[in-house]
Amino acid sequence: GTATVAGLDGFAGFVSAFLGGYAGMAAVVVGYLLLADRCDYLDISMPTRADLRIVTLVTSGLLAAWLGVTVGARTLGLPFAEHALGGTASGPAQLAAIVALVLLVNAPVEEALFRNVVQKRLGKALSRRGAMAVATLAFGVAHVPAYAGAGAAAAVVPLALVTVAGA
C-alpha cells in the first residue's frame, strides 16, 4: 500500500513521505558538510554538452540493462522483485510525477550522500577503490527496503543491479 502522512492517503501521502524522507537525507548531507567544514566535497558545476551526452548514454545503457535483465529473469521464470515505487502510480500523470521526483529529488540527494559525503569521507581512510566499493555497497544496502517485500530470492537480482548501477 501507499504511505499515510499527516492525514494524506494514497498518492498524496506517498509524495509527502517521499519528499519528507529525502528532505531528511538532504539535511544530513548539508549538516555534515557544514559541521565538518567539507563543502569542498560537493562537485557542482554547469554541465557541458559532453556531460549531457554522457548522462544520456549512461542512463540509456542502464535502462537497457535493467530491461534486459528483467525480461531475462521473467523469461527464465526466476523470481524478480519490483521496486516499491512500481505499484504506486495509478495512471500516466502519477507515473510522470514519480519520474520527475526520482530525477529531480531522489537522484541528486542520493548522489550527494553516497558520492559526495560517504565516498569522499571514506577516501580519507581507504584507497579510492576501497572507498568506492564501500560506498557502492552502502548504496545497495540502503535500497534493500524497496525490494524486501518480495522475499530474499526475488530481491537478489534487482539489488545487485541497483548496487552495480550505483558504482
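This is a predicted model: local features need pLDDT of at least 70, side-chain atom pairs count only at pLDDT 80 or more; totals for chains, interfaces and linings use all residues.
Local features need pLDDT of at least 70 and side-chain atom pairs count only at pLDDT 80 or more, whereas totals for chains, interfaces and linings use all residues. Residues are numbered from 1 along each chain as its sequence is written, and side-chain values use heavy atoms, with hydrogens and water left out.

Q: Why is H143 called buried?
A: The relative accessible area of H143 is 11%, and buried means under 20% (exposed is over 50%, partly exposed in between, with a 1.4 Å probe and protein chains only), so H143 is classed as buried.

Q: What makes the pairing of the side chains of H143 and E110 a polar contact?
A: The two side chains come to 3.2 Å, and a polar contact is a pair of N or O atoms within 3.5 Å, where within protein one must be able to donate a hydrogen and the other to accept it, and residues adjacent in sequence count only if both atoms are side-chain atoms; the pair therefore qualifies. A polar atom of the H143 side chain also lies 2.6 Å from the backbone oxygen of F139.

Q: Which residues does M25 touch, not counting residues up to four places away in sequence?
A: M25 touches V109, E110, L113 and F114, where contact means heavy atoms within 4.5 Å. The C-alpha atoms of M25 and L113 are 7.4 Å apart, although the two residues are 88 residues apart in sequence.
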